[in-house]
Each structure stands twice: as structure tokens, then as C-alpha cells.
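Please read this report alongside the sequence and the coordinates. It takes the fold first and then the individual elements.

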Amino acid sequence: MYQEPKLKRYCCQCGEPFMARRKSAIYCSPACRVAAFRTAQNARAKPKVRSKKKQPTEVEIPELVTCIGCDTQMWLYKHNKQRLYCSSACKQRAYRARKDRGVNVWGMYHAHS
Ligand SMILES: [Zn+2]
Ligand SMILES: [Zn+2]
């Protein structure tokens, strides 16, 4: 009976010697293979946290919001949170309209900041 020669290898993850059943085996156990895979993923994800400064290249996903003055739909970016109206003209108009009714337009938004 022919027996496949077993290969003595050193695990690429933990460094322990093991008998490889396959030529392609580089880890002693599935657990080590998974651990090595995670390490590689972490290493790839790391360069993202190199700076605390705001990255201008960072992709910002806008939110579809409705102008509270005229119900026009528009895209709102997070850095532009104050934007509640589609235009300054709309803002002025809405402000005056609410002022006439004696409603404090800004009171309800100040709670957020
Ligand atoms: Zn191992
Ligand atoms: Zn508007």
C-alpha cells in the first residue's frame, strides 16, 4: 500500500510544526487559517486611521430631505446640517410667514446643537 509522504511544516500563523497532509497546507489547523485571514484583513483596513483630520476624499452620503419651506426635495450633506430650506429666498419667506404667526422658527432646532 502506498502512503502519501507527510510533510513536516511550520504553521504560518502560530509557528508550530505540523504534518501537512496536502502540499498546499500552510496552517496547522482551520483555526490558524481563520486567524491568519483576519490578521490580513485588519492589516488592509488599518491605513484608514492615519489621521484625525477630516479627509476631503472621504465619501459622504447625502440624505434626501424635504425643504421645510416649500416641500422641494433636496440632498442634504451631513456637514450642511443647518440647511433646512432649498434656498435662502425660501428660508426668508418661511421665516417671515412663521414670524407672522408668532412661532419661533429656530427654537425647535437649537435643541440638536
Ligand atoms: Zn497554527
Ligand atoms: Zn424651498
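## Model and confidence

The structure is a predicted model. Its mean pLDDT is 79, and 70% of the residues in the protein reach 70 or more. Confidence is highest in β2, at 92, and lowest in helix α3 (residues 107–110), at a mean of 55. Where pLDDT is low, the predicted coordinates should not be read in detail.

## Overall layout

The protein contains 3 helices and 4 strands. Along the sequence these elements follow the pattern β-β-α-β-β-α-α.

Of the 113 residues in the protein, 2% are buried. Among contacts between residues at least 6 apart in sequence, 6% join residues at least 24 apart.

Together β1 and β2 form a hairpin with 6 residues between them, and G15 in the turn has a positive phi of about 80 degrees.

G15 counts as exposed because it has 9 C-beta neighbours inside 10 Å, and the cut-off for that class is 12 or fewer. G15 lies 8.7 Å from C28, C-alpha to C-alpha, with a sequence separation of 13 residues.

The C-alpha atoms of R21 and L7 are 6.9 Å apart, although the two residues are 14 apart in sequence.

E63 has L76 in β4 as its bridge partner, and L64 stands opposite W75 in β4. As a general point, side chains in a regular strand alternate between the two faces of the sheet.

The strands β3 and β4 form a hairpin with 6 residues between them. D71 lies in the loop between β3 and β4. This residue has a positive phi of about 70 degrees although it is not a glycine. D71 is exposed, because 8 other C-beta atoms lie within 10 Å.

## M74 in strand β4

M74 belongs to strand β4. Is M74 buried, partly exposed or exposed? M74 is partly exposed, because it has 15 other C-beta atoms within 10 Å; a residue would need 20 or more to be buried.

Leaving aside neighbours within four places in sequence, M74 is in contact with V65, C67 and C86. M74 and P62 are 12 residues apart in sequence, and their C-alpha atoms are 9.3 Å apart.

How far apart are the end C-alpha atoms of α1? The distance is 23 Å, which agrees with the 22 Å that the 16 residues of α1 should span at 1.5 Å a residue. The number of buried residues among those 16 is 0, so α1 lies largely in the open.

Helix α2 (residues 88–100) has 13 residues. From its first C-alpha to its last, α2 reaches 18 Å, close to the 18 Å expected at 1.5 Å a residue. Helix α2 is hardly covered, since the count of buried residues among its 13 residues is 0.

## Summary

Helix α3 is where confidence is lowest, at a mean of 55.

Technical notes:
Residues are numbered from 1 along each chain as its sequence is written. Chains are lettered from A and ligands numbered from 1 in the order in which they are written. Helices (H or I, at least four residues) and strands (E, at least two) are DSSP runs, numbered from the N terminus. The expected span of a helix is 1.5 Å times one less than its number of residues. Two strands pair if DSSP finds at least two bridges between them. Two residues are in contact if their C-beta atoms, placed from the backbone, lie within 7 Å. pLDDT is the predictor's confidence in each residue, from 0 to 100.
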